[in-house]
Structure formats: C-alpha cells, structure tokens
Amino acid sequence: MTKNYFVYLLILVACFSFISSDKLPNEFFAKVIGVKDGDTIEVLFKKNLIIIRLEHIDCPEKKQPFGQKAKQFTSDFCFAKKVKVINKGKYDRYRRLIATIEYEGEILNKELVSNGYGLHFRKYSKDSSYTILEEQAKLQKKGMWSQEKLIEPWLYRKRKTSKKKKTLQ
C-alpha cells in the first residue's frame, strides 16, 4: 500500500511540475536558434527549446515552389536574433506554440504575407489585415504570386496525404 501511495505521489508531482514549466508568458524575448521552414522556427527561452508555428499564416511546403525562399526569408529576418514572441498560450496538434514574431518593430508573420512568401490561413485566422496584405502581394505578383498556377500549402499537404493512402491500398 505504501509503495502504491509513493508511486501516485511521484506521478502527481511530475504532472504539476510539467504544468508549471509548460506555462509561458504571453510575451517574451527569445533567441531564434533554428528555422524549420517558412512558418516554423525554434527559439531558446530560459534554456528551453520552444518550437513556434507562426500565427495567421501558412507558407509553401519545402518541396513546393517558393518553399525554400520562404524558409530563407524567415531565416534572414530572425535567425540568431533575439525576437519578441507574442502568443495566446495556444498550441497546435504537434505541440508547437502558435505565435507572432516581432523584431525591431516588424512582424515576421505579416512580412511573409506582404512579400508573397505566405498566405493568410483563413481557416485559423480572422485577422483581416492579413487578407489585405495578401491581396496587395497578389496584385503586385510578389513571391509565389508570380506563378501562373498556385497550389495553396493546405491543398498540397492534402493531395500528398491522399496519394500516400492510395499507394498503401
């Protein structure tokens, strides 16, 4: 009985320590130590690695046209710099923190859309300022909008998944 009590106590302590360390401030400064792709970065905050998915936007996948350019744009904007991370404490299904990244008064999320390297991810965002930036980039044929035919990243991922399912059958 004492052994079980001890095990339950250890589990309880572990759960509470995980919860408290999991809480992040809504705004904090962190150093960017990695760029996975156009809309996903890694930062170091208080010796903890945090993977961040940029809020409001979706960038082309690495194998899509402009996927590598979106990654390079993100890298040029913030790699090895101390950035401001603004979040609402929300995570996606891959446990990435959903956030906006600011550096020297400019917002990476908006810069990606404005330069044609990201799209407004309307499914998860109601912020109309991103729609306006996207329309301006489209009119000016910036970045991915210079292509004749554009496949949105979410449709590209969906097609890729359905192709895998067909080959497995």
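**Strands, rings and turns**

Mentor: Strand 6 and strand 7 (residues 106–107) run antiparallel and pair over two bridges. Two strands pair if DSSP finds at least two bridges between them. Helices (H or I, at least four residues) and strands (E, at least two) are DSSP runs, numbered from the N terminus.

Trainee: Before we go on, what should I know about the model?

Mentor: This is a predicted model, in which local features need pLDDT of at least 70 and side-chain atom pairs count only at pLDDT 80 or more, while totals for chains, interfaces and linings use all residues. Residues are numbered from 1 along each chain as its sequence is written, and side-chain values use heavy atoms, with hydrogens and water left out.

Trainee: Got it. Back to strands 6 and 7: how many residues sit between them in the hairpin?

Mentor: Two residues lie between strand 6 and strand 7 in that hairpin, and Glu104 in the turn has a positive phi of about 50°. Across the pairing, Glu102 has Ile107 in strand 7 as its bridge partner.

Trainee: Which other strands pair with strand 6?

Mentor: Strand 5 (residues 82–91) runs antiparallel to strand 6, with five bridges joining them. Lys84 stands opposite Glu102 of strand 6 there. Then strand 3 (residues 48–54) pairs with strand 6 in the parallel sense over three bridges, and Leu54 has Ala99 as its bridge partner in strand 6.

Trainee: How many residues separate strand 5 and strand 6 in their hairpin?

Mentor: That hairpin has five residues between the strands, and Arg95 takes a positive phi near 65°. Arg95 also turns up elsewhere: its charged end sits over the ring of Tyr91, 4.4 Å from the centre. A charge sits over a ring if NZ of Lys or CZ of Arg is within 6 Å of the ring centre and within 35 degrees of the ring normal.

Trainee: Which ring does Lys110 sit over?

Mentor: That's Tyr130, with the charged end of Lys110 5.5 Å from the ring centre.

Trainee: New topic. How many aromatic pairs are there?

Mentor: Six. Rings of Phe, Tyr and Trp (its six-membered ring) pair if their centres lie within 6.5 Å; planes under 30 degrees apart count as stacked, over 60 as edge-to-face and the rest as tilted. One of the pairs is Phe73 with Tyr117: the ring centres are 5.4 Å apart and the planes are at 40°, so this pair is tilted.

Trainee: Where do Phe73 and Tyr117 lie?

Mentor: Phe73 is in helix 2 (residues 67–78), and Tyr117 is in the loop between helix 3 (108–114) and strand 8 (119–120), so the pair ties together parts that are 44 residues apart in sequence. Both Phe73 and Tyr117 are buried, where buried means under 20% relative accessible area, exposed over 50%, and partly exposed in between (1.4 Å probe, protein chains only).

Trainee: What about Phe77 and Tyr103?

Mentor: Phe77 and Tyr103 make an edge-to-face aromatic pair, 6.4 Å centre to centre with 70° between the planes. Phe77 belongs to helix 2 and Tyr103 to strand 6 (residues 97–103), so this pair ties together parts 26 residues apart in sequence. Phe77 is buried, at 11% relative accessible area, whereas Tyr103 is partly exposed at 21%.

Trainee: Which residues form an aromatic cluster?

Mentor: Phe66, Phe73 and Tyr117 form one. Phe66 is found in the loop between strand 4 (57–58) and helix 2, and at 17% relative accessibility it counts as buried. Phe66 also has a positive phi of about 75°, although it is not a glycine.

Trainee: And Ala80, where does that one lie?

Mentor: Ala80 lies in the loop between helix 2 and strand 5. Ala80 isn't a glycine, yet has a positive phi of about 70°. Most residues other than glycine have a negative phi.

Trainee: Last one: which residues of helix 4 are buried?

Mentor: Tyr130, Leu133, Glu134 and Ala137.
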